[in-house]
Amino acid sequence: MNSLLGIARRSAWNRRSTLVWVVVSLALATALLWTLERLRHDIRTSFAQSVSGVDLIVGARSSPVQLMLFSVFHIGSVPQSMSMDSVRALAQHRSVSWVVPLSLGDSHRGYPVLGTTAAYFKHFAHGDKQPLVLQQGAAFADTLDGLYEAVIGAEVARKMGYGLGQSITLGHGMHDHDHAHEATDTQVDEHADKPFKVVGILAPTGTPVDRTVHVSLQALEALHLDWVAGTPMPGGNIPAEQARKFKLEPKEVTAALVGLKSRAAVFNVQRFVNQYEAEALMGVMPGVALGELWSVLGLGENALLAVSALVALVSVVSLMAVVLAGLNERRRELAVLRAVGAAPRHVLGLLTLEGLWVTGAGVLLGVLLAQTGMLLGATWLQSALGIRLQMGAVLLAGMLASLGPAWRAYRLSLADGLSPRV
Amino acid sequence: MIDIEPLRFAWTRAGADTLALGPLHLAAGQTVFLHGPSGCGKSTLLGLLAGVLSPQQGRVSLLGQDWAALKAGQRDSFRADHVGVIFQQFNLLPYMSVLDNVTLPCRFSALRRGRCQDAGGPEASAQHWLQRMGLTSELWGRPAAALSVGQQQRVAAARALMGQPELILADEPTSALDAALRHGFMDVLLQAARDAGSTLVCVSHDEQQAARFDVQWSLPALQQAGVGA
């Protein structure tokens, strides 16, 4: 077998121009497979980690998934607001530790604007109870001094090139991101009369927080002082400074995040919310709603999985095709080897050896390619175990794929040499 | 050395016999000129002698060993030990040096490797046979693909002689050479085979060469004997 290695090596070197392409095609397939798997894993993880440390999300009664999507992912809308009175009532419940009201509806250059209190930065967490961290600056003040101050997410800062002290204006409603870009130069923001100053920039979290502009609830109230039913009041413009003199306590908010003193009370509080008499409310446990949401998105996950499987299948079949085509080229060579005394097991070994190292090189190159691509691309999360399993599977499949042609070669070679058909 | 009991061979079970031979015997060390028109089954007979093909009836034995009595794996190693083969052309691995091509049989047969020890090992033995075939030392390190067709056939002959196998089968070894080269090639091959003590069965169309062999087998004539029997 040792002498076989030398022959295999020199034979492969002789056919390097073809083999390089086999390796490249395998590498591309592996890179694709790897990236798809990583993507699938990343989506699931970032999704599951988008909210933590919150025991209940409370809003007007609608669908739990809808409330979840809007309050955490800032996607879609909810049909109803909840009154600030309910929020205060909730805060007085003996099991409740804290309540953070959320108000959504405006945007800045396609990024959603979240009106909340400074407590949001203290209580909202992601991942494994990791709190929000201010990379630069500080949270806005809940007082009137902080009225026109904003804290922006990491992506907003990076993509828009904002630093501390940047002045930004808000638009009314949730604009589509892409359209907002087109419109930046031509369209004047509806709330341009009351500019905000960026006072804090959050560290990246990998969650929707990165894409959010945070302001105080009072600020949103001030923006809409001169608005009635979603449109500016004609001739009723109230300048920014003058707005401070008005009563800026909001009467209603979109939803509220609730933290409990003890998790054990969660069903109690949920019942309290669901049976609240003054208005129709519901309490949603984030974990449960995320699970429900994921089961819907699971369809997409299955599609990704199917694509991954197809890619793997296609690459193995094409490897087999390439090796079989190469076999024709090698019939003469194998006949010579058989004529000088090589047994079928030698030929089998030769072809399997080549299949193995070609696949190995392809997989290695592919992983390298995918890793480099991902390093250059977005941030990614480690999942070493899954990766090793995948590599093993591709390696095994590649080896098995080279066995078929090997068997054919064994049948062909000797008869070929003795009765040459050129 | 070679014993053939009346045999019949057909490529397909239902088809007509390609070969029907009477009893044949060949003593060790003899050189055989096997001739006949194209398609009469010369290569098939070589296949039978090498144990690559098995007759439907009858028996082919080499050195007293019936090919049919061996399992596939045993046939392979018996062939590697006792049979050297020269094809019409494309005998060599193009990516290996001349010397490495010649030592190939020693990689697969311990018996032939052992026999090379007397000459000082496979390398020395290979050099010996290359020299006998008239290939000078500056060619030995070159890749086989860099040689002319005539030189390649000589390399193939040197390889077949490695470890002095009892039987050397040559299937039209000179058909790719021009007339001027054929004589020279046959000269050295016949002489080397005699020196090695190997039996040589050589298929050829070139009847001018026939007289230089110990035995002439005309396949059509042998066939008739087989049909008669």
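A nonpolar core is taken here as a set of buried Ala, Val, Leu, Ile, Met, Phe, Trp, Tyr and Cys residues joined through C-beta atoms within 7 Å. In the predicted model described here, the largest such core has 76 residues, and the members that touch the most others are Val32(B), Val102(B), Trp129(B), Ala158(B) and Leu169(B). When its neighbours within four places in sequence are left aside, Ala158(B) is in contact with Val102(B), Trp129(B), Ala126(B), Leu130(B) and Met133(B). Apart from this core lies another, of 57 residues, which includes Phe140(A), Ala150(A), Leu220(A) and Ala255(A). In general, nonpolar side chains of soluble globular proteins tend to be buried together.

Helix α3(B), spanning residues 98-108, is mostly covered, with 11 of its 11 residues buried; among them are Val102(B), Leu104(B) and Phe108(B), together with the charged-type positions Asp100(B) and Arg107(B). In helix α5(B), residues 122-132, the buried residues are Pro122(B), Ser125(B), Ala126(B), Gln127(B), Trp129(B) and Leu130(B), and the elements covering them include α3, α4 (110-116), α6 (149-161) and α7 (179-196) of chain B. Just after α5(B), Gly134(B) adopts a positive phi of about 80°.

Chain B also contains an open sheet of five strands, arranged in the order β7-β8-β9-β4-β10 and paired in the parallel sense. Its edges are formed by β7 (83-86) and β10 (215-218) of chain B, each of which pairs on one side only, and neighbouring strands are turned against each other by 15° on average, direction ignored.

At the interface between the chains, 27 residues of chain B are in contact with 21 residues of chain A. On the side of chain B that touches chain A, the elements giving two or more residues are α1, α2 (72-82) and α3 of chain B, and the largest share, five residues, comes from α2(B). By class, this side of chain B has 15 nonpolar, seven polar and five charged residues.

Technical notes: Residues numbered from 1 in each chain as written. Chains lettered and ligands numbered in written order. Predicted model: local features only at pLDDT ≥ 70, side-chain atom pairs only at ≥ 80, totals over all residues. Pairing = 2+ DSSP bridges. Helix = DSSP H or I, 4+ residues; strand = E, 2+ residues; numbered from the N terminus. Axes fitted to C-alpha atoms, helices over the stretch in contact; angles between N-to-C directions. Buried ≥ 20, exposed ≤ 12 C-beta atoms within 10 Å, placed from the backbone. Contact = placed C-beta atoms within 7 Å.
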